[in-house]
Amino acid sequence: MMMWGKQRILAGILSASVASAGFLGVFTAPAQAATVSQVRMASPAAQKSVVGKWHIRNSFFGKNGEDVPLRQGDLKFGYTHIQDKHPEDDTSLLGWIDDTLEDGKYEKDGGSTVVRNRTATGKMFRVVFTEREDDASKDGRPVGIITAFLE
């Protein structure tokens, strides 16, 4: 448990450093938002190469090391779907996703995994993701988060 705390602190410092570097003009690509999970940050060139629905907004990891990206998506999956069907501010949404993937109860449902966790306010939050890869993404990573919402 102590190791995760150190990783969270280091991930936050790294994200803040990258965000500061971007703010100061060290590179022109936007830094990914800081999350409390381990974050895989692509180089600025790699970030620019993926556009549209396959763009990865944030990277999360499941309890068992699952790669769970949050892609831009469309009306059927990802960030666009979540904000269309269950709008939440980004800070709350990203925090709830991270907490749920870290502390939630996992259940397989066909080709998807459903994870549920109680938020600090007592409401249940659900994340549904798939580890299926889609060749159209051209990045070799899973499709990732299909939806996430307060129940």
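## A guided tour from Asp84 onward

Select Asp84 to begin: with a relative accessibility of 44%, Asp84 counts as partly exposed. The model on display is a predicted one. The side chain of Asp84 meets that of Lys85 in a salt bridge, 3.9 Å from N to O.

**Helix H3.** Select residues 78–85, which make up helix H3. Gly78, Tyr79, His81, Ile82 and Gln83 are buried there. The cover over the buried residues of H3 includes strand E1 (56–61), strand E2 (67–71), helix H4 and strand E6 (142–150).

**Strands E1 and E2.** Next, display E1 together with E2. The two strands pair in the antiparallel sense over five bridges, and Phe61 has Asp67 of E2 as its bridge partner. They form a hairpin with five residues between them; in the turn, Gly65 has a positive phi of about 85 degrees.

**Helix H4.** Move to residues 90–103. The 14 residues of H4 should span 20 Å at 1.5 Å a residue, and the end C-alpha atoms are 20 Å apart, which agrees. At the start of the helix, a side-chain oxygen of Asp89 comes to within 3.3 Å of the backbone nitrogen of Thr91. The buried residues of H4 include Leu93, Leu94, Trp96 and Ile97.

Select Asp90 and Arg57 next. These residues form a salt bridge in which the closest N and O atoms are 3.7 Å apart. Asp90 lies in H4 and Arg57 in E1, so the pair ties together parts that are 33 residues apart in sequence. Asp90 is partly exposed at 32% relative accessibility, and Arg57 is also partly exposed, at 26%.

Select residues 112–118 (E4) and 124–133 (E5), which pair in the antiparallel sense over seven bridges. Arg118 stands opposite Met124 in E5. Five residues separate the strands of this hairpin, where Gly122 takes a positive phi near 95 degrees.

Finally, select Glu107 and Lys105, whose side chains meet in a salt bridge (3.6 Å, N to O). Salt bridges with shared partners also join Arg116, Arg126 and Glu151 into one network. The whole structure holds 10 salt bridges.

Note on methods
Residues numbered from 1 in each chain as written. Predicted model: local features only at pLDDT ≥ 70, side-chain atom pairs only at ≥ 80, totals over all residues. Heavy atoms only, no water. Helix = DSSP H or I, 4+ residues; strand = E, 2+ residues; numbered from the N terminus. Expected span 1.5 Å × (residues − 1). Buried < 20%, exposed > 50% of the residue type's maximum accessible area, 1.4 Å probe, protein only. Polar contact = N/O pair within 3.5 Å; in protein donor to acceptor, adjacent residues only side chain to side chain. Contact = heavy atoms within 4.5 Å. Pairing = 2+ DSSP bridges. Salt bridge = Lys/Arg side-chain N within 4 Å of Asp/Glu carboxyl O.
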